[in-house]
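Colleague: Could you walk me through this one before I start clicking around? I'd like to go through the packing, the charged pairs and the surface.

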Amino acid sequence: MPILVWTDPAVLAFVIIPLVLVALLLRGVSAASHRLGETDADRQRALAVTLAVAAGWMTVTWAAAEAGVLRQWDASPPPFALLVAGIVGLAVAMAFTGYGSRLARGLPLWTLVAVQGFRLPLELAMHTMHERGVMPVQMSYSGRNFDIVTGITAILVAWLVASGRGGRRLVLTWNVLGLALLLNVVTIAILSTPRFAYFGEERLNVWVTYPPFVWLPAVMVLAALAGHLLIFRASALKDQPAQRFSEAVL
């Protein structure tokens, strides 16, 4: 890989965005817990668990990338496949356990959509990495990745819902599109690894096995997937009295 300059804004984006996402999750847990009338003890416990799991996961994935563990492509299964499985497992757990129930019931729907706007600056940073020869072209919007559409439209859809100009049907349509675009780029990324090399040996996806870029799949893809699943769950709970779509959280 080319030598990275850590003061480069495009590189720092892969550190700053994950940290902001964790901060937003903590804020969301606190706000949802308060809105649902949970005790201070329950709220503090949920925040402590969130922070501990996030810090542990980010530390482990960074260390694995730093040590080269994720670049053991000849192993069976390759460690990168275990990372992907961990991402899916955590996303499902966040969305469909009691933890996800708190977020789905306690947060306005538009806030869950608005968070997905992080994919706009992420895609811009990814495109910069392509231009610098760090990331293969098929993972950028110059190639086969159109996830920037999700980031742009998340801001618009969130505003429409928050202002009462959009409803559940709009959110569900947007959510299906966003999930499809996410699965598209994830599939491209997996097919681009040395294990498959579908797009050729000169266009391999190995950059996400180095820090700080490992937090792209480990944190940002995880946040995107968990977010889409939470939106589906929150939409299904639209008639529950604890769900309040029109209230501001942040």
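Modeller: One term first: buried means under 20% relative accessible area, exposed means over 50%, and partly exposed is in between, with a 1.4 Å probe and protein chains only. This is a predicted model, in which local features need pLDDT of at least 70 and side-chain atom pairs count only at pLDDT 80 or more, while totals for chains, interfaces and linings use all residues. Residues are numbered from 1 along each chain as its sequence is written, and side-chain values use heavy atoms, with hydrogens and water left out.

Colleague: Fine. How many salt bridges turn up in the whole structure?

Modeller: The search finds 5 salt bridges, where a salt bridge is a side-chain nitrogen of Lys or Arg within 4 Å of a carboxyl oxygen of Asp or Glu. Among them is the pair of Arg-132 and Asp-8, whose closest N and O atoms are 1.9 Å apart. Arg-132 lies in the loop between helix H6 (119–131) and helix H7 (148–162), and Asp-8 in the segment before H1, so this pair ties together parts that are 124 residues apart in sequence. Helices here (H or I, at least four residues) are DSSP runs, as strands are (E, at least two), and they are numbered from the N terminus.

Colleague: And is Arg-132 buried, exposed or partly exposed?

Modeller: Arg-132 is partly exposed, because its relative accessible area is 42%, whereas Asp-8 counts as buried at 14%.

Colleague: Which helix holds both Asp-40 and Arg-43?

Modeller: Both lie in helix H2 (residues 40–67), 3 residues apart, which is about one turn of the helix, and their side chains meet in a salt bridge at 2.7 Å, N to O. Asp-40 is exposed, with a relative accessible area of 54%, while Arg-43 is buried at 11%.

Colleague: What about Asp-147 and Arg-119, buried or exposed?

Modeller: Both of them are buried, and their side chains form a salt bridge at 2.7 Å, N to O. Asp-147 lies in the loop between H6 and H7 and Arg-119 in helix H6, so the pair ties together parts that are 28 residues apart in sequence.

Colleague: What is Phe-14 in contact with?

Modeller: Taking contact as heavy atoms within 4.5 Å, and leaving aside neighbours within four places in sequence, Phe-14 touches a list of residues that includes Leu-122, Met-126, Met-129, Trp-207, Phe-213 and Met-220. Phe-14 itself is buried, with a relative accessible area of 0%.

Colleague: How many aromatic pairs are there?

Modeller: The count comes to 6 aromatic pairs; rings of Phe, Tyr and Trp (its six-membered ring) pair if their centres lie within 6.5 Å, and planes under 30 degrees apart count as stacked, over 60 as edge-to-face and the rest as tilted. The rings of Phe-14 and Phe-213 have centres 5.0 Å apart and planes at 85°, so that pair is edge-to-face. Phe-14 lies in helix H1 and Phe-213 in the loop between helix H8 (168–191) and H9, so the two tie together parts that are 199 residues apart in sequence. Trp-207 and Phe-213 also have ring centres 5.0 Å apart, but with planes at 45° they are tilted.

Colleague: Why is helix H4 described as largely enclosed?

Modeller: Because 7 of the 9 residues of H4 (residues 98–106) are buried, including Tyr-99, Arg-102 and Leu-103. The cover over those buried residues includes H1, H2, helix H3 (79–96) and H9.
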